[in-house]
Amino acid sequence: AYILNTFPTPLFSHPAAVSALAKFGAQNESLLPSILVLLQRCMMDSDDEVRDRATFYLNVLQQRQIALNAAYIFNGLTVSVPGMEKALHQYTLEPSDKPFDMKTVPLATAPIFEQKAEIALVASKPEKIAPSRHDIFQEQLAAIPEFKSLGPLFKSSEPVQLTEAETEYFVCCTKHVFTNHMVFQFDCTNTLNDQLLERVTVQMEPSDAYDVIRSIPAASLSYNQPGMCYTLVRLPQDDPTAVACTFSCTMKFTVRDCNPNTGVPEDDGYDDEYVVSSVLFAAPNVYVSSCPCGILIVLP
C-alpha cells in the first residue's frame with residue numbers, strides 16, 4: 001500500500017485530486033487495489049462533489065474494463081451533471097426493469113464565461129503594430145497627387161524652427177528626401193486672432209542649380225490652428241552631391257481681417273508676405289540643424 005502511505009487522505013479532498021487518482025488506477029493495474037481503498041475513504045469526505053466523484057470512479061474501476069476507463073475516466077463525463085442527477089432521480093421515482101440509459105441525460109455545455117472567452121478569442125484581431133514616423137510621412141505624402149510619382153520616401157529630418165515662437169507666424173520645416181527630389185514640409189501656425197490667412201505658401205528661391213518645381217498651399221490658417229504647406233524641389237540631375245544650395249524662404253498668403261471675438265472674417269482680403277529663415281542644403285550627410293543664418297539641411 002505504497003500510495004496509501006505516501007499520500008494521506010486529506011490530499012484528495014479536492015475533486016480534481018480524486019479525478020487524478022482515478023486516472024492512476026486506470027493506467028496502473030498494480031496500484032489499483034490501493035487506489036480503490038483511497039477512493040472508499042474519499043466517499044466519507046465532507047465535500048459533496050468529492051464523495052460523488054469517488055463513488056463514480058470506484059464503481060467504474062471495479063469493473064476493470066478498458067472501454068469503461070477510456071469513456072468515463074480518461075475522456076470524462078460529457079453529460080450535464082445536474083441533468084444526470086435529475087434523470088437518476090426520475091428513474092428512482094418510476095421503477096423499471098430496464099437499466100438506466102445514459103443517453104437520456106443531456107450533454108454538458110461549456111460555462112457561459114468560458115463560451116464568452118472562446119468567442120472573444122476568435123473574434124479578437126491580432127494587435128496592430130503602431131506605424132513608424134517614416135510610415136506616417138510616407139502615407140501622408142503619397143496622398144498628395146503632386147507627390148505620387150516621386151517614388152519611395154528615403155528619409156525625413158527632424159522639424160526645425162524657421163521663426164521664433166513669439167512671432168506673428170510660427171513656422172517649422174521638415175525635409176523629406178526622395179531619389180531625385182526633396183519635399184520641404186512647412187508646419188505653420190497663425191498666432192494672430194484678428195486675421196485669417198488663406199492660400200498660404202512658402203516660396204523658396206535657390207542660389208544654385210536646384211529647381212523649385214511647385215508649391216502646395218495650405219488652404220487657410222485660422223487663429224492658433226496649425227496647417228501644412230509644401231515645396232517640391234528637384235535635385236541637380238548631373239551630380240546631386242557636388243553642390244550646396246541656400247534657399248531664401250518667404251511665407252506668402254492672403255490676409256482677411258476678422259473679428260477677434262467671433263472669428264468671422266471680412267469679405268475682402270489682401271496679399272501679404274513674411275520672411276522666415278533661409279535653408280541651406282549641402283551633401284553628403286543626413287540631418288537638419290539650426291545655424292545663425294537659418295537652417296542647415298544636409299543630405300546623403
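These questions and answers cover the helices and strands of a predicted model.

Me: What kind of model is this, and from which number are residues counted along each chain?
Reply: The model is predicted, with local features needing pLDDT of at least 70, side-chain atom pairs counting only at pLDDT 80 or more, and totals for chains, interfaces and linings using all residues. Side-chain values use heavy atoms, with hydrogens and water left out, and residues are numbered along each chain as its sequence is written, starting from 1.

Me: How many helices and strands does the protein have?
Reply: Helices (H or I, at least four residues) and strands (E, at least two) are DSSP runs, numbered from the N terminus. By that count the secondary structure comes to eight helices and twelve strands.

Me: What percentage of the residues in the protein is buried?
Reply: Buried means under 20% relative accessible area, exposed means over 50%, and partly exposed lies in between, using a 1.4 Å probe and protein chains only. Of the 300 residues in the protein, the buried share is 35%.

Me: Of the contacts with a separation of 6 or more, what percentage comes from residues 24 or more positions apart?
Reply: A contact means heavy atoms within 4.5 Å. Among contacts in the protein with a separation of 6 or more, residues 24 or more positions apart account for 55%.

Me: Are helices α2 and α4 roughly parallel or roughly antiparallel?
Reply: Two packed helices are described by the angle between their axes and the distance between the axes. Axes are lines fitted to C-alpha atoms, for helices over the stretch in contact, and angles run from 0 to 180 degrees between N-to-C directions; under 35 degrees counts as roughly parallel, over 145 as roughly antiparallel, 65 to 115 as roughly perpendicular and the rest as oblique. The axes of α2 (residues 15-27) and α4 (residues 48-63) come within 9 Å and cross at roughly 10°. That makes α2 and α4 roughly parallel.

Me: Which residues of α4 meet α2?
Reply: On the α2 side, the residues in the contact are P15, A16, V18, S19, A22, G25 and A26. By class, the contact has nine nonpolar residues (Ala, Val, Leu, Ile, Met, Phe, Trp, Tyr, Cys and Pro), two charged (Asp, Glu, Lys and Arg) and two polar (the others, Gly among them). The α4 residues are E49, V50, R53, A54, Y57 and L61.

Me: What is the handedness of the crossing of α2 and α3?
Reply: The axes of α2 and α3 (residues 32-42) come within 9 Å and cross at roughly 155°. The two helices are therefore roughly antiparallel to each other. A crossing is left-handed if the near helix is turned anticlockwise from the far one by less than a right angle, and right-handed if clockwise. For α2 and α3 the crossing is left-handed.

Me: Which residues of α3 meet α2?
Reply: From α2, the residues V18, L21, F24 and G25 take part. The contact divides into eight nonpolar, one polar and no charged residues. The α3 residues are L32, I35, L38, L39 and C42.

Me: How many residues lie between β3 and β4 in their hairpin?
Reply: Two strands pair if DSSP finds at least two bridges between them. β3 (residues 169-177) runs antiparallel to β4, and nine bridges join them. V177 has M182 in β4 as its bridge partner. The number of residues between β3 and β4 is three.

Me: Which residue of β8 stands opposite V183?
Reply: Strand β4 (residues 181-190) pairs with β8 in the antiparallel sense over eight bridges. Nine of the ten residues of β4 are buried, so β4 is largely enclosed by the rest of the structure. H181 stands opposite R234 in β8, while V183 stands opposite L232.

Me: Which residue of β8 stands opposite S215?
Reply: Strand β6 (residues 211-216) and β8 run antiparallel and are joined by five bridges. Six of the eight residues of β8 (residues 227-234) are buried, so β8 is largely enclosed by the rest of the structure. The residue opposite S215 is T231.
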